[in-house]
Amino acid sequence: MVSIEIHYRSSGSRKDPRGSLFVRVIARRKTVSVTLPYRLYPQEWDPVNRSVLVEDAPQERREYLREVVYSLERDRRLLFELRNAISQVDAFTSRHLVDLFKVRRFKSGFKKVVDTLSEDMRRQGRERTARAYQSSFSSLLCHTGKKDLAVEEITYELLQGFEGWLLEGDRSLNTVSFYMRNLRAMYNKAVKRGWIVERAKDLFRGVFTGVSHSQKRALTIPQMKQLSNLLEEPEVLSQEEKEALSLFLFAFHAQGISFVDLAYLKKEDIKGQVFIYSRKKTGTLLEVEINPQMSRILSFFKERTTHSPFVFPLIEPDSSSYYESYTKALRKQNARLNRIAGKVGILHKLTTHVARHSWATIAKERDIPVWLISEALGHKDVKTTYIYLNSFEKKVIHRAARKVSTAVLRSN
C-alpha cells in the first residue's frame with residue numbers, strides 16, 4: 001500500500017512566518033518527502049482536512065490561494081497517476097515515486113534522471129561511472145543546444161543526429177559507443193525503476209554501441225624495445241618525460257595494469273617479489289610478479305614517495321579528493337606520453353591504456369592462450385577470487401608475464 005499525503009511545515013522564522021507545503025509518500029514502510037513551491041501563513045492551512053483556507057483570507061491573498069488550490073489538485077492527480085502506473089514495478093519504493101514526480105512536476109526532464117543515477121553511483125563508490133553518465137548527457141545537451149531534455153525528446157531520430165554530430169566532430173567510433181552505452185544504461189535503469197512509464201522501443205537500435213578495432217592501440221615488440229632503451233638515454237627526455245615513460249613501462253610489465261590501479265597502488269600491497277591489488281573497475285584480485293625492470297622503476301620513485309602510502313607520486317596523500325588528484329595525474333601522464341611518442345616517431349596516439357593493449361597483443365603473439373591473458377588482465381569475472389587460485393595457476397600466469405617481458409627486454 002502506498003500512502004500519499006500533503007502536509008504543512010511551519011516556517012520557524014520571525015521575519016517570514018509563511019510555511020511550506022510538502023508531499024509525504026510512504027511505501028513499504030519507507031517515507032520520503034518532497035517540498036512543493038507554495039508558501040502559506042499558518043492560518044491559511046486546515047491541518048485536519050489538509051486543505052487551503054481561501055474564504056477567510058485577506059482579499060490580496062485570495063487569488064494566490066486559489067492558484068495554490070488548483071495546483072495542489074493537479075499535483076494530487078499526478079501523484080496518484082504515477083502511483084498507479086509504477087506500483088507494479090519490481091522493487092518499487094517511495095523514492096522512485098518521488099523522483100518520478102519531480103521529473104514530471106518540475107519539468108526537470110532527463111537531467112533529473114541523470115543526476116539521480118549519478119548520485120547512486122557515487123554512493124556505491126563508482127565515481128568513474130557517475131562521471132561517465134554526466135559527461136555523456138552533457139555531450140548530448142551540447143549537440144542539442146539545450147539545458148535539459150524532456151524524456152519524450154530522447155528519440156531514435158535525436159540519437160541518430162547525435163551520432164552523426166559526434167562523427168562529424170572527428171570523434172572515434174569507440175567514443176560514440178561510450179556515450180551511447182552510457183545513455184542506454186541510464187535510460188534502461190530509469191525504465192526499470194519506473195521513472196519512465198511509456199518506454200520508447202528500439203531507441204538505440206541504429207546507433208553504434210560496439211567496439212571498433214580499426215584504430216591501432218597496441219605497440220609492437222620493436223616499439224616497446226625502443227621505449228625501454230630510451231630510459232638509458234636521459235639526454236633525450238626531460239625529467240618529467242622520464243617519469244612518465246617509467247610509469248608506462250611499469251604498467252606494461254605489470255601485466256598491463258590500468259593507470260587508475262597503478263595510481264592507487266599502495267606500499268602495503270607489495271609482498272616480497274609480488275604485489276597484490278584489487279581492480280577498481282571489476283574488484284578482481286590480481287597478483288603480479290615484480291621483474292628486475294619493475295624493481296628498478298620502483299627504486300627510481302622511492303625517494304619521491306617517502307611520506308606517502310602510495311607507491312607512485314600520482315595521488316597527493318593530503319588531497320581532499322583522491323579522485324581529483326588521480327584525474328589530474330592522468331591528464332599530465334597522457335600529455336607527456338604524447339610528447340615522448342613524437343620524439344621517437346610513434347605516429348598514433350600514445351596513452352596510458354596503450355600499455356595494457358600492448359601487453360595483451362604481445363602476449364597473444366607469443367602464443368599465450370586467450371583465457372590466460374584474460375585472467376592476467378583481470379577481465380574474467382570469477383566467483384572464486386584470484387587469491388584462492390592454487391599455486392600452480394599463479395605460476396602459470398607469472399610464467400606468461402615473464403614471457404611477455406622477456407620478448408621486449410632481451411637483446412635484438
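How far apart are the end C-alpha atoms of helix α1, and what span should its 28 residues give at 1.5 Å a residue? In this predicted model, those end atoms are 41 Å apart, which agrees with the 40 Å that helix α1 should span.

In α11, Tyr323, Gln333, Arg336, Leu337 and Ile340 are among the buried ones. The buried residues of α11 pack against α4, α7, α8, α9 and α12. Just after α11 comes Gly345, with a positive phi of about 80°.

Now for the nonpolar cores. The largest one has 64 residues, and the members that touch the most others are Met224, Leu227, Phe248, Phe250, Phe275, Phe312 and Trp359. Helix α8 (residues 239–253) gives this core its largest share, eight residues. Setting aside residues up to four places away in sequence, Phe312 touches Leu247, Phe250, Leu262, Leu265, Ile297, Leu298, Phe301 and Thr305. There's also a second, separate core of 29 residues, with Ala130, Leu140, Val176 and Leu183 among them.

Finally, take Ser246, which sits in helix α8. Ser246 has a relative accessible area of 3%, so it counts as buried, a label for anything under 20%. Beyond its neighbours within four places in sequence, Ser246 is in contact with Leu231, Ile297, Phe300 and Phe301.

How values were computed: Residues numbered from 1 in each chain as written. Predicted model: local features only at pLDDT ≥ 70, side-chain atom pairs only at ≥ 80, totals over all residues. Heavy atoms only, no water. Core = buried A, V, L, I, M, F, W, Y, C linked by side-chain atoms within 4.5 Å. Buried < 20%, exposed > 50% of the residue type's maximum accessible area, 1.4 Å probe, protein only. Helix = DSSP H or I, 4+ residues; strand = E, 2+ residues; numbered from the N terminus. Contact = heavy atoms within 4.5 Å. Expected span 1.5 Å × (residues − 1).
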